[in-house]
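Hi everyone, thanks for making time this morning. I'd like to walk you through the open and closed spaces in one structure, and then through some of its charged pairs.

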Amino acid sequence: MMRMSLKGDMFHSAGVPWYDTLFGRDSVISALQLLPFEAKLAKSTLLVNAKFQSNKLDDWRDQEPGKMLHELRQGELANLNLIPHTPYYGTVDATPLFLILLAEYVNWTGDLELVKQLEDNMDQALKWIDVYANMKGDGFAYYAVKSPLGIYNQGWKDSPDSISRSDGTLAKKPIAVAEVQGYVYMAKIRLAPLFRKLGRESEAARLEKEAGELKKRFNREFWMKDRQFFAQALDAEGLCDVISSNPAQCLWTGIIDQKYVKYLVNRIFKEDMFTEWGIRTLSSKEQRYNPLGYHNGTVWPHENAIIAMGLRNYGFINEMSLLFTGMYEAARTFEYYRLPECFGGLTRSEYSIPVKYPVACSPQAWASGTMPFMLTASLGIVPDALNNRLVINKPHLPSWLDNVQFNNVKVGNTLTDLSFRRVEYETLVNVSKKSGDINVLIEY
């Protein structure tokens, strides 16, 4: 239901009924979630977003050179220029996420020809991150709305009251949200090998150096020693010191220093953050907490999937499985197992089923991609098409899932059938068929 095409390229619209159009962030994340199952969609998503990449300054649309779009509308209001969504560019994260998707697409396909085709788009996106998003010159990626009809908060939590302090006051622009710093770090780390493949060795080294510096800066500036957690954001006046889900996404990107990981993981599974269905967007102890607040206490399936992948990456397999299990059991309560955009942040001990958010999109693209992404995390599948490898790293099926048969896993030009079987507390893997020449490495 979410498939759309524009200028000949297929992508996922964001959600029905409110957001049934092209969104940069949503189309990219849903394509990322489905990469192991359908890489062609990722390619077409990259191409359609590249076609709308900005090449000028325009405050009406919050537009800057190199920036990826937030939202495209086509209709009477747009035709009359009464709204800025033609397209509108008020997003700080679509640009680094575009770069991450490109790198991940190559990991699965080895398609360097697309990298060459999008090389200028890649360069312009990196320039936007380094010049326009770096508003304070401190290396962090910020946003600050300029359009009179623009979105005030321009991360994925884009409602007006979604970024705040522990005293309940709202963040003041410019704002640098935690997860976006992770996206920028991940984009630069993942792009460096592609730059080397293009013969751009010095620029690859520069990207790695910048990523390393950003990681140090992030762990120094965002860490709240008194709360043993990372801040939700930095704004014009300092730290937005609430306990929120934003930093948990940073596990996926790898920007968190090892010495802080256990504190972050332990904290997000405390009762004020974990509902047993999933992790809330905001701690129930914070001033602005509302279990039915759009970004201030609800549970968003896609975010939990990103966090689950991050837990996998840092070796917290049991915690990953706990999230996967909670989200699966939540999905069982919805018709067709169709997870909505979000649901209430009330605990499972209070209500035996997830409390519906009244106007949640359903179906919604990145909510629909949640279970495939969590399954990929559970199976431990790591592609490396450029080096002709497929790594299965410590697969772990949860207690409710005994067997998984994953056929036609395509890495590069090789198709592989994988059989996963849970035996007591271990998950065994068998390569049942392979057509093509690839090294399958299984790490228990």
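Let me begin with how elements are named: helices (H or I, at least four residues) and strands (E, at least two) are DSSP runs, numbered from the N terminus. What you see is a predicted model, in which local features need pLDDT of at least 70 and side-chain atom pairs count only at pLDDT 80 or more, while totals for chains, interfaces and linings use all residues. Residues are numbered from 1 along each chain as its sequence is written, and side-chain values use heavy atoms, with hydrogens and water left out.

Now to the spaces. On a 1 Å grid over the protein atoms alone, a cavity is a set of points where a 1.4 Å probe fits but cannot get out; a pocket is an open set with protein on both sides within 12 Å along at least five of seven lines, and lining residues have an atom within 4 Å of a point. Points are joined across faces, edges and corners, and a volume is the space filled by probe spheres set on them.

The largest pocket has a volume of about 850 Å³. It is lined by 38 residues, and E104, N107, R190, N313 and V382 are the closest to its centre. Two or more lining residues come from each of α4, α7 (178–197), α9 (250–253), α11 (301–313), α14 (370–379) and β8 (381–384). Helix α7 gives the largest share, six residues. By class, the pocket lining has 22 nonpolar, nine polar and seven charged residues. For those classes, Ala, Val, Leu, Ile, Met, Phe, Trp, Tyr, Cys and Pro are nonpolar, Asp, Glu, Lys and Arg are charged, and the others, Gly among them, are polar.

How many cavities of 30 Å³ or more does the whole structure hold? The search finds two. The largest cavity takes up about 110 Å³. Of its 16 lining residues, E64, K67, M135, A144 and Q154 lie nearest the centre, and the lining as a whole has eight nonpolar, three polar and five charged residues.

The second largest cavity holds about 40 Å³. Around it sit I29, L32, Q33, W252, I306 and F373, and helix α1 (residues 24–33) supplies the largest share, three residues.

On to the charges. Side chains of opposite charge can pair when their charged atoms come close. We call it a salt bridge when a side-chain nitrogen of Lys or Arg is within 4 Å of a carboxyl oxygen of Asp or Glu, and the whole structure has 28 of them.

One joins D111 and K43, at 3.9 Å from N to O. These two are 68 residues apart and link distant parts of the chain: D111 is in the loop between α4 (94–109) and α5 (112–117), K43 in helix α2 (residues 39–51). Are they buried (under 20% relative accessible area), exposed (over 50%) or partly exposed (in between), using a 1.4 Å probe and protein chains only? D111 is buried at 16%, and K43 is partly exposed at 32%.

R61 and D58 also pair, with 2.5 Å between the closest N and O atoms. R61 is buried at 16%, and D58 is buried at 16% too.

Finally, R200 and E203 meet at 2.7 Å, N to O. R200 is buried at 14%, whereas E203 is partly exposed at 24%.
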